[in-house]
Amino acid sequence: MPEAMVDKTHLRRHYEVQRRALSENLRATAASTITSSLFALPEWQTAPMICGYVATRGEIDLSVVWETAIRAGKDYALPVTVTDAKDGQMIFRRLKAYTPHTLIPARFGILEPSDDCPATELGDFQNALILVPGLAFDNAGFRIGYGGGYYDRFLATLRDANISVTTVGLAFSVCRPPILPHESHDVAVEYIVDERRVIRTHGQSKNHR
């Protein structure tokens, strides 16, 4: 097994333990600060569509993000893994209202929109804000994900299609090391938001501009 893969496996375990160890009070306070900082980003204000995800494994609860986006008249979309596709592809489906009970269990036990939610097309992502999940994010915008590579492939597809998006990683400060190992295919995010600060990185989501 390559050394980088061994390092990432160890780091996944480490940061998942760190995240789960946070008290409920600390988690709630930090999450409120983080989402408030997200809503203050200029790109949040102008984005016609917000792409979120369903929180799992101790991630920041994004229900308030969904609710806020809908109230602001924005489209809100969640990812769906295409299980029969080669190399693990992912699409997004729109949800027009905050109705979490309509989500269904899917691959990896994560809730996803059902097939009756309209699928997005590549052009729909122009100027969208995409929240990218991860266990940890470094100051350059690289992350330790869950090993599937879905987001890296999806963001690379948008980049190759010349679709301009804003990518944001939300994280608790205990999961914010200055440097993480990364590989050539990893796609950095443009913003990192934790409860202490907001960092604008040199993320690759807009490197076609």
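This note covers aromatic contacts and pockets in the structure above.

1. Basis. The model is predicted: local features need pLDDT of at least 70, side-chain atom pairs count only at pLDDT 80 or more, and totals for chains, interfaces and linings use all residues. Residues are numbered from 1 along each chain as its sequence is written, and side-chain values use heavy atoms, without hydrogens and water.

2. Aromatic pairs. Rings of Phe, Tyr and Trp (its six-membered ring) pair if their centres lie within 6.5 Å; planes under 30 degrees apart are stacked, over 60 edge-to-face, the rest tilted. The count is seven aromatic pairs. One of them joins phenylalanine 39 and tryptophan 44, tilted, at 4.8 Å centre to centre and 55 degrees between the planes. Phenylalanine 39 is buried, at 17% relative accessible area. Tryptophan 44 is buried too, at 3%. (Buried is under 20% relative accessible area, exposed over 50%, partly exposed in between; 1.4 Å probe, protein chains only.)

3. Phenylalanine 125 and phenylalanine 154. This pair is edge-to-face, with 5.2 Å between centres and 70 degrees between planes. It links distant parts of the chain, 29 residues apart: phenylalanine 125 is in the loop between strand S5 (111–112) and strand S6 (129–131), phenylalanine 154 in helix H5 (residues 150–160). Helices (H or I, at least four residues) and strands (E, at least two) are DSSP runs, numbered from the N terminus. Phe92, Phe125, Tyr151 and Phe154 form one aromatic cluster.

4. Largest pocket. Its volume is about 750 Å³. A pocket is an open set of points on a 1 Å grid over the protein atoms alone, where a 1.4 Å probe fits, with protein on both sides within 12 Å along at least five of seven lines; lining residues have an atom within 4 Å of a point. Volume is the space filled by probe spheres set on the points, which are joined across faces, edges and corners. The largest pocket has 32 lining residues; Tyr146, Gly147, Gly148, Gly149 and Tyr150 lie nearest its centre. The lining holds 15 nonpolar, seven polar and 10 charged residues. (Ala, Val, Leu, Ile, Met, Phe, Trp, Tyr, Cys and Pro are nonpolar; Asp, Glu, Lys and Arg charged; the others, Gly among them, polar.)

5. Second largest pocket. The volume here is about 160 Å³. Of 13 lining residues, Val54, Ala55, Asp61, Ser63 and Trp66 are closest to the centre. Helix H4 (63–71) and S2 each supply at least two lining residues. By class, this lining has 11 nonpolar, one polar and one charged.
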